[in-house]
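Visitor: I have a structure to look at and some questions about it. Can you put it up?
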Amino acid sequence: MWDVQAAESDRSRKSRSRARSSLWVGRKSRWYLPASLITDLVGAGVPVALMLVATDQPWAVPSGVAAGLAWAGVQLFRSRYAARAIGESRGTLPVLHDWFILLGVLAMGHAAAGVRLRAPLCLAALLPCLLLTLVCRKVMHRHLAAVRRGAQAVIKVLVVGEPTAADSVTAHLAARTDHPYVAVGAVPVGQGPFDSGIRTGERLAATAPESPAEDANLVISAAHRLGADLVLVVPGAALSGERLRRLSWGLHDVGIELFVAPGLVEVSVKRLETGSAGGMSLLRVAPPVREGVQPLLKEALDRSTALLGLLALAPVLLVVAAAVKLSSPGPVLYLHERIGRAGHPFVMWKFRTMRVGADHQKAALAQENEHDGLMFKMRRDPRVTRVGHWLRRTSLDELPQLVNVLKGDMSLVGPRPPLAEEVAHYTPVEWRRLTVRPGMTGLWQISGRSDLSWDETVRLDLSYVDNWSFTSDVDVMARTFRAVVDGRGAY
């Protein structure tokens, strides 16, 4: 009898494990995993073997195989091949972090084997694996994003909570496409209208039922009927504590994942910490980084990069200055007042891209504004010169802002520097953008620049202000190069 029960329990655990695995695969394309493995093995193994052959070192092929396996092992150890992670956007920094781990692993291996190689050659040999991994992950993510726009490879969510709260979560999921979750239905708790328009199941009572399994049975029935992959609970006065705990028991016993939405938005997971007090789960939200080593590193990076940039780009600056001067009458530089940190004004430097007196023509073009917020934007602004269009397309007009960075008025990365007339209409929420220095680039630039709506611009800036870290700045700068080459939203 006990053997039969144990076998049934084992089958139940395996069934739940398969259910969880299929949930995170989310019907992603099957070629993601082999493509990643082949790219990692070849990208690290072949260059290392070729380098050893070129330098007349022994064991070239075995060393190449070891390098490929080491890179794949680092990716495996870091869960990069996991179904929930593969194909998802990770940015540049996590891949760079993995690459540095690979360097350490191979350095220890070569030291143990007594092989003596020059560091520059080793770095040059291992650069292809970094670049190929970045390209492969980018291709997979673009493919996955395109597939998800067709409502495929998504994770179907059943939302459970009080009508107002569940309505808000459902609308939030529907408003964004940078995640795999799609609400396919809801189970409201208690009375009240549910306006999201998605299918709703039978409601849970406003108070806990006498039978502990009643809530779970109703939610499980709705999840199976709607084909939901997981249940997302929005806690509230009617659904918390012991009632939520019993619901989790019922869902987990049949292999359905349970997520809980704490109600926080635009808060980086890096700022979240879990804890407990007397058996009660707690979620700590760390304050934004404003003091300590990271701001000092940002300051040092800003000033040093601005100085080196001005020196290295001096020939480019001279060529652009000559082009501006020869293309239209007027000064080379456009000096304009902007509002910086804490509302302090400063004079921002740019290469002039418009005809002289363009500011006075802005009022006459007000009806042509293509932006929905406080900013003025036109795709074909008649005030912009021919050279100015090219400078804006390539973002070369912004290079003189390195002077502002060197002076401390701006940062390399930060919110968009606003005009005084815009700040005059700021709400208290929008004013929070001014708690840090504005930047030459930022989330707004790598996400579409002028193509963004005002609300999207504010959301991205606030996300940067609240979730800033030194590593996030490095990631934004790495992604800025692609945004400049793309040129989307630059006009």
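Guide: A word on terms to begin with: helices and strands here are DSSP runs, a helix having at least four residues and a strand at least two. Also, this is a predicted model.

Visitor: Fine. How much of residues 306-324 is helix?
Guide: That span is 95% helix and 0% strand, and its end C-alpha atoms lie 22 Å apart.

Visitor: And residues 31-53, how far apart are the ends there?
Guide: The end C-alpha atoms of residues 31-53 are 32 Å apart, and that span is 96% helix with 0% strand.

Visitor: Which residues does UniProt annotate as "transmembrane region"?
Guide: The unreviewed UniProt entry gives that annotation to residues 31-53, 59-78, 99-117, 123-140 and 306-324.

Visitor: New topic. At what angle do helix 7 and helix 8 pack?
Guide: Helix 7 (residues 213-226) and helix 8 (residues 241-253) pack at about 50°, and their axes are 8 Å apart. Helix 7 is therefore oblique to helix 8.

Visitor: Is that crossing of helix 7 and helix 8 left-handed or right-handed?
Guide: The crossing is right-handed. Helix 7 contributes D215, A216, V219 and I220 to the contact, while helix 8 contributes R243, L247, G250 and L251. Five of these contact residues are nonpolar, one is polar and two are charged.

Visitor: Last thing. Where does S395 lie?
Guide: S395 is in the loop between helix 11 (386-394) and helix 12 (401-407). Its phi is positive, about 65°, although S395 is not a glycine.

Visitor: Buried or exposed, that S395?
Guide: S395 is buried, because its relative accessible area is 9% and buried means under 20%.

Notes:
Residues are numbered from 1 along each chain as its sequence is written. This is a predicted model: local features need pLDDT of at least 70, side-chain atom pairs count only at pLDDT 80 or more; totals for chains, interfaces and linings use all residues. Side-chain values use heavy atoms; hydrogens and water are left out. UniProt positions are given in the numbering used here, feature names are shortened, and annotations may be inferred rather than shown by experiment. Axes are lines fitted to C-alpha atoms, for helices over the stretch in contact, and angles run from 0 to 180 degrees between N-to-C directions. Angles under 35 degrees count as roughly parallel, over 145 as roughly antiparallel, 65 to 115 as roughly perpendicular and the rest as oblique. A crossing is left-handed if the near helix is turned anticlockwise from the far one by less than a right angle, and right-handed if clockwise. Contact means heavy atoms within 4.5 Å. Ala, Val, Leu, Ile, Met, Phe, Trp, Tyr, Cys and Pro count as nonpolar, Asp, Glu, Lys and Arg as charged, and the others, Gly among them, as polar. Buried means under 20% relative accessible area, exposed over 50%, partly exposed in between (1.4 Å probe, protein chains only).
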